[in-house]
Amino acid sequence: MKTSKRICKNGSLTLPKQVRAEAGLFPGNAVDVETQSDGSITIKPAAPCCHFCGSPEHLINVENIVICKDCATKILAKVDVTND
Ligand SMILES: [Zn+2]
């Protein structure tokens with residue numbers, strides 16, 4: 001996704017919801033911000049976090065989707081309910 005945004009008076013920049021969703025970023029997540037020699041700026045998650053809740057703890061990787069054990073447990077509970 002490509003979009004244009006204005007930097008606020010205090011220097012902050014809000015990442016569009018779709019960009020955050022595509023990048024798996026959640027409020028409170030740390031990001032690495034780096035300037036490039038071509039003038040571009042990259043923003044990357046500073047550490048892996050859960051695709052669903054953003055937790056950085058107790059992570060597992062399922063088919064290249066990072067998910068925490070709490071969310072995995074919640075998903076499994078829903079699967080069990082739908083099988084009843
Ligand atoms: Zn989670």
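Which residues form a nonpolar patch on the surface? In this predicted model, where local features need pLDDT of at least 70, side-chain atom pairs count only at pLDDT 80 or more, and totals for chains, interfaces and linings use all residues, the answer is Val31, Val33, Ile41 and Ile43, with about 350 Å² of accessible area together. Residues are numbered from 1 along each chain as its sequence is written, and side-chain values use heavy atoms, with hydrogens and water left out.

A patch here takes residues with over 30% relative accessible area and no salt bridge, nonpolar side chains (Val, Leu, Ile, Met, Phe, Trp, Tyr) being joined within 5 Å and like charges within 9 Å. Areas come from the Shrake-Rupley method with a 1.4 Å probe, and a salt bridge puts a side-chain nitrogen of Lys or Arg within 4 Å of a carboxyl oxygen of Asp or Glu. Strand 1 and strand 2 are the elements giving two or more residues to the nonpolar patch; strands are DSSP runs (E, at least two residues), numbered from the N terminus. Ile43 sits in strand 2 and, at 37% relative accessibility, counts as partly exposed (buried is under 20%, exposed over 50%, partly exposed in between; 1.4 Å probe, protein chains only).

Strand 1 (residues 31-35) pairs with strand 2 in the antiparallel sense over five bridges, pairing being called when DSSP finds at least two bridges. Thr35 stands opposite Ile41, and Glu34 has Thr42 as its bridge partner. The two strands make a hairpin with five residues between them, and Gly39 in the turn shows a positive phi of about 95 degrees.

Then there is the metal. Cys50, Cys53, Cys68 and Cys71 coordinate the zinc ion through their SG atoms at 2.3 to 2.4 Å (donors are N, O and S atoms within 2.8 Å of the metal, or 3.2 Å for Na, K and Ca). The donor residues follow the spacing C-x2-C-x14-C-x2-C. Cys53 lies in the loop between strand 2 (41-45) and strand 3 (59-62), and Cys68 in strand 4 (residues 65-68), so the pair ties together parts 15 residues apart in sequence. Cys53, at 41% relative accessibility, is partly exposed, whereas Cys68, at 3%, is buried.

Methods: Helices (H or I, at least four residues) and strands (E, at least two) are DSSP runs, numbered from the N terminus.
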